[in-house]
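Subject: Structure handover

Hello,

Here is the structure for your work. My notes follow below it.

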Amino acid sequence: MMLARATAAEIPLPGAQPDASVVLHPLLCAEVTGPPGWFHRSGGRAAGLKAFGVGVPQAELIQVPIVAFLIEHPTAGAVLVDTGFHSSALTDPRQNLGWLGALMSRGLKMEPSQTAAAQCTSRGVDPQEVRFIVMTHLHFDHASALVDFPAATVLVSELEWQAANARTSTFGGYCKAQLDPGLSYKTVDFGSAAACRRGPFERTLDLFGDGSIALVDTPGHSAGHMSVIARLAEREALLAGDAIYTMATLRDGERPWRVQNEARFEKSVQALRAYDEQNPQSLIIPGHDMAAWKELDPIYS
Ligand SMILES: [Zn+2]
């Protein structure tokens with residue numbers, strides 16, 4: 001297998017417009033069912049088994065959204081955040097999602113019209129014109145459809161890139177087959193001089209240098225997880241990714257069964273909590289919360 005290669009991104013990217021605000025399209029790409037104990041850790045001896053669905057009746061499984069976001073910037077163009085599921089996840093799940101991903105994608109429901117590419121097209125954006133894809137992280141349920149955007153530069157944190165390309169990455173939730181070697185990958189480094197504090201977040205990167213889109217260092221769910229802040233006309237939207245699976249993780253103290261690093265995860269959640277308190281108007285979108293997803297509008301400007 002040919003390996004995908006990455007080089008360092010130069011942040012800010014070109015395309016800035018002073019005081020630019022963006023348009024945000026949340027895209028529901030697929031739904032799967034999952035054991036509640038995976039998303040909200042339960043107590044007791046069987047918690048681990050329950051997290052993997054062992055002994056959990058079908059009726060107790062919850063609906064889990066698989067999502068992506070299209071952001072339209074007035075001068076920099078179309079930016080995708082994550083990619084949802086590729087259409088082949090439906091026809092050949094093991095090939096696209098890997099054996100672990102296929103196993104974890106029980107009850108998959110998706111229509112071909114739901115892929116991020118199809119939804120970009122139906123919203124007037126040619127997938128070939130998507131310039132950048134910001135990956136919150138590279139888990140199989142986020143990176144599945146990268147190949148549908150051949151002209152895009154894929155931006156991912158340096159630590160995440162290393163984690164996804166490690167020898168044993170399959171066990172961490174990655175599927176290397178999704179990292180098509182034909183794409184252009186650029187890594188961002190929150191340890192670089194371009195990184196700065198933004199509110200409660202210690203390390204952020206201003207993607208275009210105009211404040212419209214910020215990458216936020218929120219590690220812990222995975223090694224190099226990041227969230228994204230998009231500046232809408234009158235408020236901000238924070239795409240939290242899997243730094244919080246659900247609003248209950250943010251506000252009610254629920255914790256997922258498994259994280260890559262507990263201490264970093266907790267620090268990221270605390271920063272998100274502080275942001276939530278300091279920005280009550282902001283739209284915060286968690287990674288896999290169907291109830292929160294159903295509350296969203298089709299478009300935000
Ligand atoms: Zn994940």
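Start with Asp242: it is buried, at a relative accessible area of 3% (buried is under 20%, exposed over 50%, partly exposed in between; 1.4 Å probe, protein chains only). This is a predicted model, in which local features need pLDDT of at least 70 and side-chain atom pairs count only at pLDDT 80 or more, while totals for chains, interfaces and linings use all residues. Residues are numbered from 1 along each chain as its sequence is written, and side-chain values use heavy atoms, with hydrogens and water left out.

His221 sits in the loop between strands S10 (213–217) and S11 (226–231), and Asp242 in the loop between strand S12 (236–241) and helix H8 (247–251), so the pair ties together parts 21 residues apart in sequence. Helices (H or I, at least four residues) and strands (E, at least two) are DSSP runs, numbered from the N terminus. His221 is buried too, at 2%.

Salt bridges

The whole structure holds 7 salt bridges (a side-chain nitrogen of Lys or Arg within 4 Å of a carboxyl oxygen of Asp or Glu). Among them:

- Arg41 and Glu262 meet at 3.2 Å, N to O. The pair links distant parts of the chain, 221 residues apart: Arg41 is in the loop between helices H1 (36–39) and H2 (47–51), Glu262 in helix H9 (262–278). Arg41 is partly exposed at 33%, and Glu262 is partly exposed at 45%.
- Arg203 pairs with Asp217, closest N and O atoms 3.0 Å apart. Arg203 is in strand S9 (201–206) and Asp217 in S10, 14 residues apart.
- Arg255 pairs with Glu266, closest N and O atoms 2.7 Å apart. Arg255 lies in the loop between H8 and H9, Glu266 in H9. Arg255 counts as buried at 16%; Glu266 is partly exposed at 27%.

Best wishes
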